[in-house]
Amino acid sequence: MTTTAGPPGAQPPAVPEAQRTAAPQGEPAGGRVRRLLRAVPPIWLVLAAVIFLIAWRNPTFVEPAPFLAFLRRCAPLAVLAAGQVFVIIAGEFDLSVGALVTAVVVVAARLSDGDAAHTWWLIPLLLAAGALVGLVNGLVTTRLRVPSFIATLGMLLVLGGAVFLWSGGAPRGSLADNFRQFGRFGVELPGLGQLPYAVLILLAVGVALWLLLSHSRFGHQVYAAGGNPRAAALSGVDVRRVRTAAFVISGLSAVVAGILLGGFTGVTAEAGAGYEFQAIAAVVLGGAVLGGGRGSVGASVAGALTLQSVFTLLNLLGLAKSLRDAVQGLIIIGAAAYAAHRLRRSG
Amino acid sequence: MTADPRPPDPVVLGMHGISKRFFGVTVLDDVRLECRAGEIHAVMGENGAGKSTLMKILVGVHQPDAGRIELNGAPVRFHHPRQALAAGVSIVHQELNLLPQRTVAENIFLGREPRRRFGVDRAAMDQAATRLLAALGAEDVISPRSLVGRLPVARQQLVEIAKALSFDPRVLVLDEPTAALSPHEVAALFDRIRRLRADGLTVLYISHRLREVFDLTDRITVLKDGRRVDTVETSEVDTRRLVHLMVGRELDHYYPPRAAPERIGPVRLAVRSAGAGLLHDVDLDLRAGEIVGLAGLAGSGRTELARLLFGATRMTAGRLTIDGRASRLRSPRHAIRRGIGLLTEDRKSEGLVLQRSVRDNTLLAARSLGRGAARRVALADLLGRVRLRGGADREVRYLSGGNQQKVVLARWLATGARVLIFDEPTRGIDVGAKASIHELMRELADAGAAILMISSELPEVIGMADRIVVLRQGTVAGELPAGATEAEIMLLATGEPDRAGAAAGASREGGTA
Amino acid sequence: MIADTMPGRLRPLGLGRDSGTASSAPVWLVFGGVFAVAWLLVELNGGQFMTVDNLQNMAVRSVALGLVAVGQTIVLIGGSLDLSVAYLVSVTAVGASFVMQGDPDRMVLGVVVTLAIGALIGLVNGLVITGLRVNAFIATLGTSLVMSGVLNALFTNFTGSVPRQFQALGYNALGPVPVAVILLLAVVALAWYVLRHTRFGYHLYAVGGNAEVARLSGVRTDRTVVLAHVLCSLTAVLTGLFLVSRLRSGAPWVGPDGGYDLESIAAAVVGGTALAGGRGAVAGTLAGVLILAVIDQVFNEFEVNAFLKTLIRGVIIVGAVALYALRRRDEGSF
Amino acid sequence: MRRPMRYRLAVLGAAVLVAAGCTSTAPEEGDDGPAGSGTGQQSSFFVQADYDRQIAQRDTAPTGPADQPWLQAINPQLVDTAKYKKAGKHTICFSNAAVNNPWRVVGWTTMQAEAKLHPEIAALTAVDAEGKDDKQISDIDGLLASKKCSALIVSPNTTAALTPAVEKACQAGLPVIVFDRGVNTECPVTFIHPIGGYAFGATAAEFLTGEVKKDGKILALRILPGVDVLETRWSAAKVIFDKADVDVVGVEFTDGDAAKVKTIVNDYLERYGSIDGVWMDAGATSVAAAEAFEDAGQQVPAINGEDQQDFLRLWQDKKLTAIAPTYPTYQWRTPIIAALDILAGKQVPKEWVLPQPTITQDNLSRYLLPQLPPLHYALCGCEQMPGFPQNWGGNQ
């Protein structure tokens, strides 16, 4: 028998037989229902509850137009979270995404300087840059063996410094309208009003990343690399390459988020400030566990939507800005505690 | 079942009706163990017989599902190792429990550092540590101030023992303490243990090494498949009887028929004078359709060899050929591409991603191979071939040991591996499941796979292997034909000088016969 | 693990008597090098480096970060992490000036109250991490959000002030040595003693190194982690008190603007403390802080643009940790 | 382990509920109350006398050349500086709070350009405190320690915190010039600043109350609480709004984050259907606020911004009903000039109050500088300086 070497709070070695079998083949009807509920990540229920509360205080919120507007402003964070979750599942952190978002906005503004003609080559360039940043994060983490917390913290500083060094302290130039449209405008739908591009992009990115994580060979290797690196390596998974790829995905999603955010707000020096923590919080709300092996794209997006809708709700309740932070903090801790609790209870 | 009528010395430690299940596998079933004051009591049995679990229950690492423990007649319940230590029961675990980045003294006295008025009395601590080490005859090779991480394993082992003694226990459990010790160190240890016995200490001694058991112990309790077979006076048994008690199982376990010689094909995997770490000059051939049993004592390098053949550790010397073509295995990934598969000894920490589903774990390797294995592998077919019933979406940690092993096996079927290395394939698996694993292995062999089976269970080796290779101290000590006796294997493995030659001779005859 | 049988290593006075001291020696060498180079550069640039004023200045620059970095080192050694120190610094600065209201008689009260608050926050952090098993990153991120919320709800600006006597802490000097520097050295010495010579210290390294081993050896792991967080929070309080004594009055943003959360972690790892836990020493952290301070001074001398500074800081942090990782691999201890 | 666990979770959950619950009564106070009630408590920063003085100063004609507002001063009390007279070339030292936002970047660029104009300046030694009070205090100590400064210019990061350091500098016998934010001490030779926050806030608020219909709904967007220069702006606006019959439906803090601005405006539009006026305590996010209306398919209501190009352009293009009170960046030129005057022994105003122009529909075109980046502040007074516009990020 193997001993339970591992941190305190690793699952106890013995799990009562009844519980063990209950989960896989739930015989009683009640058990099956509970299992179905369990299958739905709880964050979706929370999100539904919050949206219900908002709608109760402000029915217009759930009308098509306002709700789409809500989704549009959630899009950047949601995309960011959908990318971050890859890194988290692989057992790492990416603190550099916030700085990367800022960099995208500033660089795009200065390079294009409001000229619509530049947009078509600008976006691929930015994506390439994002991939490069992710690659560097990954290599520093996996090859130089620098903990990703430090590696990406360093990247955060380097990006933040470099970009403003280059642009002379404040953003220069401006964003062309055809660059901004992705984050700002949309396609007119008769009756529904405007369907924002941002929502479509979020949908596309979300689905793409979901397929990649849950239905591709690579995705399964991400889970394996985070869940049990040694077993993964002995099954032929190139753990270092997989983790690096996760960072690249996070970098790419940060660029998309930056394009959406820049489009939404226009050029500002603050774009993306603090987004790294928000994204990680969203992923954790989505039930992911820092340390790796657990999490999903859908739940992370839901986590991001929840963060934003909670902001709106508290705003709607007329709750002072200061207390919104406090409540957000409690919610994050609560979510993480609940996830940890579930993890241990299920063995 | 001879429970000694009236013990000459009072019973210090009594364990009664101890039962324990892990994930549905019965590991201990109504086990009784009684130790007298001042005796050295051996607990023997194959790996997986439940020795270590029993000891972990004794020292409060695990709690029993049933049964009671008595110290000096008073019932005790240990929920935490701390309580056991306080009650005077300490243990030297099989696997090292030391902090590599702390000094020897710090490790020995962790949790009970001696204090002066202000803080820890480092000087006193170092002296005490030195005394303990001296008692083990190790004071000149181990400084209390050196970092444990910088000591060789053998010396780390000694530190572990010193740590256990530092609690000045009344019952001391030694779980395979000599696995990594040199003869000199073993001798010193035994002296110490005998002196402890003289002081009235009760020692529970767990080992595979028959010779040590006979040298050292007063009584022997034998476990098998989680049950207590018998408790005997060491003076009243001989090797044959003891081995029979431990492993005599030909009757109650069916092994599939061996391969007919004509079905044994060409050499699939071969190494010549291979070396890495403690391995040296290893020659080995694995043929298609053949199951080679690899035997040897703990620490003889069996697992190391497995990892070497799988590219998990780089070969520093020698050649390796696959289907005749020379090859350097750079990584497991590389080995898998070459059609090799490894079923690790420790499924939980090295075999499975516990919180993922049966499907994901089964397809893990195939998926990681990329285009090469992109061809659709039908999951249902795979699970059928390993006879794993139930949904493929269960998280594997909910499976029994046997089914978990089947998942790992299915993984290698999915990659179409032609060379399979089983490291302790049936460890911690209950008897029923064992049989089906064994049948699967044979089927694979018949289907043309070359199989290397590492096992500490001699009957398993004897029952399964078409050829038995015995390792000793990092190299091949000899090779035995199918149906060699346990004694022959043991002799090669322990390499007892007087009879080693005879055994080798015996094996050669057997080989030609 | 690699077996290292060189007997020299095993002699009582051999190298690596203790992982902590072993790992911080090179940091001081680096500091020496940086210091020398800085001196050279500044003098060449026509500036004055080796003057009492300048050295005092550099020393004082290190105090605010130094104090909290010591605490951060303690939690890191225990395998944890504290992102809430920044806001705790604010809470302290505001709280102290609010309680003291410029009244010398209330100085003690102010100090006691803020220390009590700090201890409480540390306790909460520790309990959330050990009791609820929430990852330290999330737990302390959460508590800092809560703190910022409550703080901003109660105070929106510079509140009250500390009496002039209290500002002695920030401005006075005993002979050539500023009081604040003495405080920092005292805290470092204390922390060094606690880590190196108390049971708690021994257990902390054990818990950080391998919690299971510590548990099997009878160490109360949870209690150790909680205590580490309490100590860390107390050092954050000291930083807050030092700041408010410099600023005369506290504002809710002094902590976050100082970036003490990430900077303290950076200083600790530059000082050779392992993020994974079980390895590190406050001596190294002090060196790390001083290195950053000296570099800062040189940047000022050459009027290096703030953004370039940030960039270089990032490179230094990653570079340092990469080097340690390399050394550790060569050392080969598992 | 398990039962206590659940218990703890329950407690935590309860905590969240309480936190949320106890505040859900808040809207009854915040929501549609009587006109003007939405402005809440008057700021602790509000000083009636200062308010009255600044309101008056807006209409006082400044002395000095009209075409060089950075040389002008509003009723100056000149002080004698003979004791600082110093021959030869000078090293001017500058302790800068930060260059962490476009306003400070423009200002800092302008100051460097100004320094270049004066051959008698040997060097302008600047140290950047990166927005950290403690670092700025150390920076000033460092500058004193270096003993190379002829004069010290300070742009304090915060008023209260920097006072001790400035006092220390004064005691060192250096002529100290403070600008932008002030310090709580008389010791600096001169304190240079535009009229100030009350004037800014009042101008914008008066414009809005004039444009908005009776009981019109006004949304006030502030960056963050507690910053003196911003508090004064809001407190002045509050005074105006409370007098007028408008309904301030909300006062929100945005952290200067454009995304939050858009979110908040959006939420208010959903809550109240329409908003008739938006008051901003700083122009940086005015464009975002305006866009929020556009995105919601609504007319941009009366709004105030600042002299940043992006806002001025939007104003021009979309024909907004807008006004832009300013906090001119040309005040970064004055300290250099003042320093040299002092070192030359010339008299300077004890408090050097610079004029604070307001951009209106009528003079809008004058401040539109198409060749400059959108975040450039028009009132840099730098058009005639060498290196314009490239050094300010512009292009021919």
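Let's start with chain B: of its contacts with a separation of 6 or more, 69% are between residues 24 or more positions apart. Bear in mind that this is a predicted model.

**Chain B overall**
- Chain B has 513 residues, and 54% of them are buried.
- Its secondary structure comes to 18 helices and 20 strands.
- The chain splits into domain 1, covering 11–247, and domain 2, covering 261–512.

**A sheet in chain B**
- Look for an open sheet of 4 strands in chain B, running in the order β12-β11-β14-β15 with antiparallel pairing.
- Which strands sit at the edges? They are β12 (279–287) and β15 (325–326) of chain B, each of which pairs on one side only.
- At the β15 end, β14 (residues 317–322) of chain B joins β15(B) through 2 bridges in the antiparallel sense.
- Within that pairing, A326(B) of β15(B) has T321(B) opposite.
- There's a helix to spot here too: α9 (residues 302–309) of chain B lies across β11 (267–276) and β12 of chain B. Relative to β12(B), helix α9 of chain B runs at about 65°.

**A loop residue in chain B**
- V141(B) belongs to the loop that links α4 (122–135) and α5 (153–165) of chain B.
- Why does V141(B) count as partly exposed? Because it has 18 C-beta neighbours inside 10 Å, while a buried residue needs 20 or more and an exposed one has 12 or fewer.
- V141(B) and R155(B) are 14 residues apart along the sequence, with 8.2 Å between their C-alpha atoms.

**Where chain C meets chain A**
- The contact brings together 40 residues of chain C and 42 residues of chain A.
- On the chain C side, the elements giving two or more residues are α6 (136–154), α10 (211–216), α13 (260–270) and α15 (306–331).
- Which of them gives the largest share? That's α6(C), with 13 residues.
- Sorted by class, this side of chain C has 26 nonpolar, 10 polar and 4 charged residues.

**Two packed helices in chain A**
- Helix α10 (residues 217–227) and helix α12 (residues 239–265) of chain A pack with their axes 9 Å apart, at an angle of about 110°.
- Angles of 65 to 115 degrees count as roughly perpendicular, so that is the label for α10(A) and α12(A).
- From α10(A), the residues making the contact are F218(A), Q221(A), V222(A) and A225(A). From α12(A), they are V239(A), V242(A), R243(A), A245(A) and A246(A).
- By class, the contact between α10(A) and α12(A) has 7 nonpolar residues, 1 polar and 1 charged.

**A covered strand in chain D**
- Are the faces of strand β11 (residues 322–325) of chain D covered or open, and by which residues can you tell? Both are covered: A322(D) and A324(D) on one side, and I323(D) and P325(D) on the other, are all buried.
- Strand β10 (residues 302–304) of chain D pairs with β11(D) in the parallel sense, over 2 bridges.
- One residue pair to pick out is N304(D) with its bridge partner I323(D) in β11(D).

How values were computed. Residues are numbered from 1 along each chain as its sequence is written. Chains are lettered from A and ligands numbered from 1 in the order in which they are written. This is a predicted model: local features need pLDDT of at least 70, side-chain atom pairs count only at pLDDT 80 or more; totals for chains, interfaces and linings use all residues. Two residues are in contact if their C-beta atoms, placed from the backbone, lie within 7 Å. Ala, Val, Leu, Ile, Met, Phe, Trp, Tyr, Cys and Pro count as nonpolar, Asp, Glu, Lys and Arg as charged, and the others, Gly among them, as polar. Axes are lines fitted to C-alpha atoms, for helices over the stretch in contact, and angles run from 0 to 180 degrees between N-to-C directions. Angles under 35 degrees count as roughly parallel, over 145 as roughly antiparallel, 65 to 115 as roughly perpendicular and the rest as oblique. Domain bounds come from an automatic or database domain assignment. Two strands pair if DSSP finds at least two bridges between them.
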